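Please examine the structure shown here before turning to the questions.

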Amino acid sequence: MPRASKPKDIYRHSDKAIKHLKRAIPAMYQNFSHKLAGWDELNLIRVKEDVDQLFAEMDRVVRNEYVKIAREAKKDVDGDPVGINLIWLGLMLSAFSPVTNYQYPAEWRRKRDRTVESLMSSVGNPQLGRTLLRRSMTITLRQITQFCDIITDDARKTAYEQAGVKKVRWVTQQDAKVCSVCRSRSNHIYDLASVPPKHPNCRCYLIPV
Ligand SMILES: [Zn+2]
């Protein structure tokens, strides 16, 4: 039988991961910035190889963090992280997200390719390169942190599905930050399979009925 959680606690694993990633990702970019001065215009393929490698490394770090969040979030519901692993995560991320209106890996590749393109234009000007790199970091971090909450919700939904839950109640954080759309949904009961999508950064959650 699913266990109840206190409202503020639902996203604590997500919060912890966000805090960690907001240090880890900038550190990876910082480390990467040393490559800028070594690039030259006759060898632009190096830029692509280096950026591809950075994004692959970040993706590994982030996915491991997502799995940690998801396992803890599922344990909050049923005490058992079974079924939550990198394969589960891959399936969740590959689905179109109605919260962000994109598919995680496709958007990640898009950001990577735009970073390659912009950095290629900065070769020979490491100062500009550093500015473009900071811009890249800001937008990748936004995607990364936004999905911490989405993954939390996905893990809870997986727990409900495993437990055979059919109906869920929409619960808001019950503070001044709750938007009018969410307030109007407060306490509504939905079929688990047809819960309306959340808006970005929404911290409402579902409890079994
Ligand atoms: Zn909300």
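The questions below concern a predicted model.

Q: Which residue of β4 is the bridge partner of V168?
A: Strand β3 covers residues 167-171 and runs antiparallel to β4. Three bridges join β3 and β4. In β4, the bridge partner of V168 is Y190.

Q: Is N187 buried or exposed?
A: N187 lies in the loop between α6 (180-185) and β4. Its phi is near 70°, a positive value in a residue other than glycine. Around N187 there are 8 other C-beta atoms within 10 Å, and the limit for this class is 12 or fewer, so N187 is exposed.

Q: What is the phi of N201, and how many other C-beta atoms lie within 10 Å of N201?
A: Most residues other than glycine have a negative phi. N201, in the loop between β4 and β5, is not a glycine, yet its phi is positive, about 65°. N201 is exposed, and the number of other C-beta atoms within 10 Å is 11.

Q: How far apart are the end C-alpha atoms of helix α5?
A: Helix α5 comprises 37 residues (residues 126-162), which at 1.5 Å a residue should span 54 Å. The distance between its end C-alpha atoms agrees with this expected span; the value is 52 Å.

Q: Is K75 buried, exposed or partly exposed?
A: K75 is placed in helix α2 (residues 45-78). A buried residue would need 20 or more other C-beta atoms within 10 Å, and an exposed one 12 or fewer. K75 has 17 C-beta neighbours inside 10 Å, so K75 counts as partly exposed.

Q: What is the C-alpha to C-alpha distance between K75 and A155?
A: Leaving aside residues up to four places away in sequence, K75 touches D80 and P81. K75 and A155 are 80 residues apart in sequence. In space, their C-alpha to C-alpha distance is 9.1 Å.

Terms used. Residues are numbered from 1 along each chain as its sequence is written. This is a predicted model: local features need pLDDT of at least 70, side-chain atom pairs count only at pLDDT 80 or more; totals for chains, interfaces and linings use all residues. Two strands pair if DSSP finds at least two bridges between them. Helices (H or I, at least four residues) and strands (E, at least two) are DSSP runs, numbered from the N terminus. The expected span of a helix is 1.5 Å times one less than its number of residues. Two residues are in contact if their C-beta atoms, placed from the backbone, lie within 7 Å.
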